[in-house]
Amino acid sequence: VPSNTMITGQQASPAVAGAGPAISRPRTGKVVARSLRIRKGHGKEFEMVGGLANGQKVEVIATWTDGKDTWAQLGPDQWAAVVYDGKALIDLDE
């Protein structure tokens, strides 16, 4: 994903562990990691399909968590970690 591209969609409310995707009002966030991989699914074992740069704005369709890591769905088959291994990678707006 080019650094000047905004991925748009609908945001989810905070996910409940094991609940899978949650949908609610649109919500934006900003990448706080130096760079961030976009994957086909909510896990590092999924194929990489793009990337995001520090400071890039995103909109989120849904969030998913396993109780430890939280992932944001940015589009069809596009997921990025919000919190991974205890480190915040995307700062979601309230």
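Modeller: Contact means heavy atoms within 4.5 Å. This is a predicted model, where local features need pLDDT of at least 70, side-chain atom pairs count only at pLDDT 80 or more, and totals for chains, interfaces and linings use all residues. Residues are numbered from 1 along each chain as its sequence is written, and side-chain values use heavy atoms, with hydrogens and water left out.

Biologist: Which residues does Q73 touch, not counting residues up to four places away in sequence?

Modeller: Q73 is found in strand 6. Strands are DSSP runs (E, at least two residues), numbered from the N terminus. Beyond four places in sequence, Q73 touches E59, V60, I61, A62, Q78 and W79.

Biologist: Does Q73 count as buried or exposed?

Modeller: Buried means under 20% relative accessible area, exposed over 50%, partly exposed in between (1.4 Å probe, protein chains only). In strand 6, five of six residues are buried. Q73 has 17% relative accessibility, so this residue counts as buried.

Biologist: Which residue stands opposite W71 in strand 7?

Modeller: Strands pair if DSSP finds at least two bridges between them. Strand 6 and strand 7 run antiparallel, joined by five bridges. In strand 7, the residue opposite W71 is A81.

Biologist: Which residue takes a positive phi in the hairpin of strand 6 and strand 7?

Modeller: In the hairpin of strand 5 and strand 6, with four residues between the strands, G67 has a positive phi near 95 degrees. The hairpin of strand 6 and strand 7 has two residues between the strands. There the positive phi, near 55 degrees, belongs to D77.
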